Amino acid sequence: MVPSPCCGKELKVIGSRKRKLTSESGEIRVLVVRRLRCSQCRNIHHELPDCVVPYKRYESTCIEQVVSEPEASSTVAADDATLRRWKNWFQGICTYLLGCLTSIAIRFHQDPVEYLSVPSQSVHHRIGHYVGDASGWLSRIVRPVVNSNLWVHTRSAFLST
């Protein structure tokens, strides 16, 4: 049984959908993602693999590389505007993700890795105390936040500037 992230009741498979995902080289893969419906609240959920960040069209490793490395060292096959958008997106959501990870750790009585004695650390550095800094750290953030039903939906569609 797969529990619903909303209410914890059973999810039933109701079908699937195709989802395109672009790799670092620019190659497009088509994934088949299961659609699941909660038996209690009737909400529909999609079962995403770890390589997917919700509402992003590139693999999580691509986004991770861009937001964590200097601009010159990025090898992702995407235009500069996309790379800037990812950096801005992560900068904007970083504090929220840290709060989510803290909340999840408290909920499950888990302590993060020991804090360093350095008084001021960036939010990105503090996130590393929960998920580490080895390759794949972004997917290790995404999974618990999504599975706790805390992922922020695409806000840009609702914001006017």
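By class, the lining of the largest pocket comes out as 15 nonpolar, 6 polar and 6 charged residues; here Ala, Val, Leu, Ile, Met, Phe, Trp, Tyr, Cys and Pro count as nonpolar, Asp, Glu, Lys and Arg as charged, and the others, Gly among them, as polar. The model is a predicted one, so to speak of local features pLDDT has to be at least 70, and side-chain atom pairs count only at pLDDT 80 or more, while totals for chains, interfaces and linings use all residues. Residues are numbered from 1 along each chain as its sequence is written, and side-chain values use heavy atoms, with hydrogens and water left out.

Back to the pocket. The largest pocket has a volume of about 860 Å³ (the space filled by probe spheres set on grid points, which are joined across faces, edges and corners). Its lining takes in 27 residues, and His-45, His-46, Leu-48, Pro-54 and Val-146 are the ones nearest the centre. A pocket here is an open set of points on a 1 Å grid over the protein atoms alone, where a 1.4 Å probe fits, with protein on both sides within 12 Å along at least five of seven lines; lining residues have an atom within 4 Å of a point. Strand E1 (11-22), strand E3 (44-47) and helix H4 (137-147) each put at least two residues into this lining, and H4 gives the most, with 5. Helices (H or I, at least four residues) and strands (E, at least two) are DSSP runs, numbered from the N terminus.

As for the sheet, it is an open one of 3 strands in the order E1-E2-E3, with antiparallel pairing. E1 and E3 sit at the edges with a single partner strand each, so one side of each has no neighbour in the sheet. On average, neighbouring strands are turned by 30 degrees against each other, direction ignored. Strands pair if DSSP finds at least two bridges between them. E1 and E2 are joined over 11 bridges, and Val-13 has Leu-36 in E2 as its bridge partner. Strand E2 (residues 28-38) and E3 pair over 4 bridges; Arg-35 is partnered by His-46 in E3, and Arg-34 by Glu-47.

Most residues other than glycine have a negative phi. Tyr-55, not a glycine either, has a positive phi of about 70 degrees and lies in the loop between E3 and helix H1 (60-68).

Finally, the helix pair. Helix H2 (residues 80-107) and helix H3 (residues 123-131) pack at about 35 degrees, with axes 9 Å apart; axes are lines fitted to C-alpha atoms, for helices over the stretch in contact, and angles run from 0 to 180 degrees between N-to-C directions. The crossing is left-handed, meaning that the near helix is turned anticlockwise from the far one by less than a right angle. On the H2 side, the contacts (heavy atoms within 4.5 Å) include Phe-90, Leu-97 and Leu-101, and on the H3 side Ile-127 and Tyr-130 are among them. The contact residues divide into 10 nonpolar, 3 polar and 1 charged.
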